[in-house]
Amino acid sequence: MTRSERAWEVLGGVPDPEVPALSVRDLGIVRDVIDHGEELEVVLTPTYSGCPATEAIEQSVLSAIECEGLGPARATLRRAPAWTTDWISDDGKRKLREYGIAPPHAVIPAEAGTQGIRLFPRERGVACPHCGSTQTERTSAFGSTACKSLYRCLACREPFEYFKPL
């Protein structure tokens with residue numbers, strides 16, 4: 001296994017500070033690991049440019065690489081292309097459900113050659129992560145973080161968060 005491959009494996013164990021059920025790798029914010037010979041470069045794309053957890057994530061990533069003896073390493077932030085919920089792995093979406101958060105639906109790519117704002121209709125039928133029912137309703141546009149909204153299941157009556165698609 002190469003040093004880069006080993007680093008990818010290690011990063012699969014670094015939890016996201018806001019949703020600890022997911023690793024930074026599951027979340028899709030680790031975009032690349034580049035072996036420059038003397039040092040590793042870990043390329044990160046924050047979930048949004050003002051994410052308050054960015055510094056903590058950088059420190060956790062570099063600490064994990066160093067603790068495994070794979071360093072020295074540096075983190076590079078790459079903000080373009082912007083992070084999208086489509087980068088959350090299938091395993092990450094499964095982990096979100098198991099943690100009690102409904103995973104985001106896929107984001108439909110914009111038509112080739114067009115620009116503008118993508119608008120999403122109000123979510124209907126978001127599956128409850130507790131019972132699987134799609135008889136749910138949004139109770140608040142925002143949850144514990146700006147990237148989540150609050151829902152309630154009308155079948156099992158349990159509240160849950162929904163990870164908004166971006």
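**View 1. The buried side of helix 3 in a predicted model.** Thr54, Ile57, Val61, Ala64 and Ile65 of helix 3 are buried (buried is under 20% relative accessible area, exposed over 50%, partly exposed in between, with a 1.4 Å probe and protein chains only). These residues lie on the same side of helix 3, because they cover an arc of only 100° around the axis (the arc is that of the directions from the helix axis to the C-beta atoms). Their cover includes helix 1, helix 2, strand 2 (40–44) and strand 3 (73–77); helices (H or I, at least four residues) and strands (E, at least two) are DSSP runs numbered from the N terminus. The model is predicted: local features need pLDDT of at least 70, side-chain atom pairs count only at pLDDT 80 or more, and totals for chains, interfaces and linings use all residues. Residues are numbered from 1 along each chain as its sequence is written, and side-chain values use heavy atoms, with hydrogens and water left out.

**View 2. The other face and the end of helix 3.** Exposed residues Glu55, Gln59 and Cys67 sit on the face of helix 3 turned away from its buried side. With 14 residues, helix 3 reaches 20 Å from its first C-alpha to its last, close to the 20 Å expected at 1.5 Å a residue (the expected span is 1.5 Å times one less than the number of residues). Glycine 69 follows helix 3 and has a positive phi, near 75°.

**View 3. Proline 17 and its contacts.** Proline 17 is in the loop between helix 1 (3–11) and helix 2 (24–27). Its relative accessibility is 45%, so proline 17 counts as partly exposed. Apart from neighbours within four places in sequence, proline 17 is in contact with Ala53, Ala56 and Ile57 (contact means heavy atoms within 4.5 Å). The C-alpha atoms of proline 17 and serine 60 are 9.3 Å apart, with the two residues 43 residues apart along the chain.

**View 4. The second largest cavity.** This cavity has a volume of about 50 Å³. A cavity is a set of points on a 1 Å grid over the protein atoms alone where a 1.4 Å probe fits but cannot get out, and lining residues have an atom within 4 Å of a point. Grid points are joined across faces, edges and corners, and the volume is the space filled by probe spheres set on the points. The lining consists of Ile29, Leu44, Thr45, Pro46, Thr54, Ile57, Glu58 and Leu77. Helix 3 (residues 54–67) gives the largest share of this lining, 3 residues.

Definitions and conventions
On a 1 Å grid over the protein atoms alone, a cavity is a set of points where a 1.4 Å probe fits but cannot get out, and a pocket is an open set with protein on both sides within 12 Å along at least five of seven lines; lining residues have an atom within 4 Å of a point.
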